[in-house]
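Here is a brief report on one protein model.

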Amino acid sequence: EYPFHRHVSGFTSSLRMSSAETFIPTSVDLGNGLHRPPQKPAILRKISAAQQLSASEVVTHLGQTVVLASGTLSVLLHCEAVGNPKPTISWAKNGEEVKYNDRLLLQPDDSLQILAPVEADVGFYACNASNALGSDSVSIAVTLAGKPLIKASRATVINTESPAVTVDIGTVVKTIQKANVTINCQVAGVPEAEVTWFKNKVKLSSTHHLHDGLLFISNVSLSDQGLYSCKAANLHGEVTESSQLLVLEPPRPLPYLEDLTAVLTSAGPSTHSVLTSPSGTKLTISPGSSALIGCAVDGHPTPNITWLYCGEPLSLQHQLLAAGRILQILNVSDFTDGEFSCLAQNEAGSLTQIMSLAIQEYQWSVDKLTACSASCGHRGVQLPQLRCLLDGAEVNASYCRETPKPSLQPIACNRRDCPSLWMVTSWSPCTQSCGGGIQMRRVTCQRLTAKGSSVPMSNEACAQVSKRPVDTQNCNRQPCVEWAASSWGQCNGPCIGSRLAVQHRHIFCQTKDGTSVSSDQCSSLPRPLGTQNCWTDVCGSRRVDCVHIRTNKPVMEHHCSWRPRPANWQRCNITPCENGTLLGGGEAERCRSRKEGRFVSQKCSTGPC
């Protein structure tokens with residue numbers, strides 16, 4: 001609580017008064033009765049001048065001004081108060097409690113005595129009387145050589161509710177708009193000082209409400225903000241004190257937030273945005289999306305913004321933009337459904353705006369069924385179709401992978417007797433594998449009931465529904481084919497060894513009557529060989545060994561692997577025997593032997609190879 005001091009009329013000129021009259025409040029009971037009623041403290045005001053007991057001692061009551069002279073050795077300040085219970089007396093100087101010492105003495109009658117006063121003792125001394133019912137306070141000024149003295153405060157008063165506020169000069173005043181502000185400039189000095197008021201160092205005209213050191217500012221608005229100064233001046237000098245007036249405007253909601261539009265434009269189309277409001281707004285958003293939440297408020301001074309989630313400070317990942325007025329959530333899946341609020345605060349008050357977040361959930365839906373598997377009978381079923389939905393729209397099933405699937409049960413459908421239908425068995429094996437055969441099957445008329453049983457019916461019953469299926473058909477009408485081969489050719493193919501060559505024959509596919517057809521028609525049959533080895537003496541041979549270069553002794557063949565191995569056989573005696581004019585003796589015999597199918601050995605040269 002801030003103590004408001006009363007202004008005493010005629011305070012600064014009281015030393016010139018000659019009478020010594022005492023003012024006693026009418027509510028004070030001076031009787032000696034033992035049962036006085038409870039009473040708030042009341043300090044007795046003395047309207048007479050200070051008494052000069054001697055050249056060096058001054059005695060005065062409250063409500064006076066004491067001028068210290070060079071010969072003053074003692075000042076005694078009296079304070080008398082009444083009340084029930086008896087009030088407690090305390091002293092303050094310039095708003096601060098007096099600290100008693102060997103010069104500042106508290107006398108038994110609650111008077112304050114100042115010994116050997118000095119310039120530092122100059123100021124306003126207040127006597128405070130208090131009991132359980134309340135308090136009272138009166139001041140006295142102690143000045144030096146009559147120089148003006150202003151009673152100043154160093155307090156700060158913040159008014160957020162009251163329609164009127166009164167303060168002493170020097171106080172910092174912060175008040176809401178439309179309040180009435182009174183600034184009191186209490187002045188002491190001999191002779192009486194002249195008071196002048198200034199706003200922002202510009203003298204205020206008489207049109208302002210100025211009276212007895214009071215400045216009255218009515219219906220305060222933002223234009224009234226500023227520094228108000230009170231200057232007191234007389235023949236001995238002047239003094240100035242100032243008060244700062246700040247007009248407060250509590251936080252109030254705004255219908256839009258320009259910063260949010262700019263941030264949303266740069267964030268991209270996948271980002272959702274919403275403004276908080278005092279009554280609450282709601283944002284429904286899909287999982288994994290990002291969101292911008294704006295706090296559109298105004299106030300003076302600019303409110304501080306605090307973001308809360310479910311009533312607690314934000315702890316999960318987020319970003320603050322635009323000086324805290326925008327909350328950016330990069331992934332709403334980090335949160336659950338809940339309430340975001342922005343708390344806007346300044347010295348004039350606070351405002352809370354709310355936004356409720358609802359995160360859509362991916363859900364399985366079984367609202368669709370497959371087509372019935374049968375039109376009649378006892379086996380018709382429908383299977384529920386699972387669909388993954390988000391806000392009623394179907395999305396890819398992978399989004400529901402973390403959601404448990406509901407149990408699916410087949411649903412019976414079309415369980416009724418079927419119309420009479422032709423029933424057929426499987427075809428019998430074909431009577432022929434090729435060249436044309438016959439297959440047969442059984443055809444009957446039956447009706448399948450809803451209980452699953454088959455009831456024989458007359459052929460006429462089925463004939464009314466559909467044509468009777470055939471019970472006989474041709475099969476394997478493709479011609480019968482086989483592989484055929486020509487005679488073996490001469491044994492004159494490439495030599496593949498000593499007296500060993502290759503002979504060939506032609507393989508082809510034909511019908512049983514000898515007509516050639518494509519080989520593809522015989523592809524399922526084993527194909528005969530078209531090549532085989534044969535013996536012939538036209539393929540001669542020799543021995544090939546790997547030998548040491550110097551010793552000419554055989555060694556392992558891998559020692560000769562660095563050079564190509566010579567052939568150990570080749571064709572020989574390829575001249576026809578009928579042209580044997582160059583042959584003689586044994587060679588003619590060999591030709592005859594070959595023609596007759598005999599083999600005649602021959603001794604060859606034993607010269608070095």
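## Surface patch

Leu421, Met423 and Val465 make a nonpolar surface patch of about 250 Å². Patch residues have over 30% relative accessible area and no salt bridge, with nonpolar side chains joined within 5 Å. A salt bridge here is a side-chain nitrogen of Lys or Arg within 4 Å of a carboxyl oxygen of Asp or Glu. Areas come from the Shrake-Rupley method with a 1.4 Å probe.

This is a predicted model: local features need pLDDT of at least 70, side-chain atom pairs count only at pLDDT 80 or more, and totals for chains, interfaces and linings use all residues. Residues are numbered from 1 along each chain as its sequence is written, and side-chain values use heavy atoms, without hydrogens and water.

Valine 465 sits in the loop between α2 (459-463) and β46 (472-475). Its relative accessible area is 51%, so valine 465 is exposed (exposed is over 50%, buried under 20%, partly exposed in between).

## Aromatic rings

The structure holds three aromatic pairs (ring centres within 6.5 Å; planes under 30 degrees apart are stacked, over 60 edge-to-face, the rest tilted). Tyrosine 309 and phenylalanine 340 have ring centres 4.8 Å apart and planes at 40°, so their pair is tilted. The pair links distant parts of the chain: tyrosine 309 is in strand β31 (residues 304-309), phenylalanine 340 in strand β35 (residues 338-346), 31 residues apart.

Tyrosine 309 counts as buried at 14% relative accessibility. Phenylalanine 340 is buried at 0%. Tyr309, Phe335 and Phe340 form one aromatic cluster.

## Whole chain

The protein chain has three helices and 53 strands (DSSP runs: H or I, at least four residues; E, at least two). Buried residues make up 35% of its 609 residues.

Notes. Patches are made of residues with over 30% relative accessible area and no salt bridge: like charges are joined within 9 Å, nonpolar side chains (Val, Leu, Ile, Met, Phe, Trp, Tyr) within 5 Å. Buried means under 20% relative accessible area, exposed over 50%, partly exposed in between (1.4 Å probe, protein chains only). Rings of Phe, Tyr and Trp (its six-membered ring) pair if their centres lie within 6.5 Å; planes under 30 degrees apart count as stacked, over 60 as edge-to-face and the rest as tilted.
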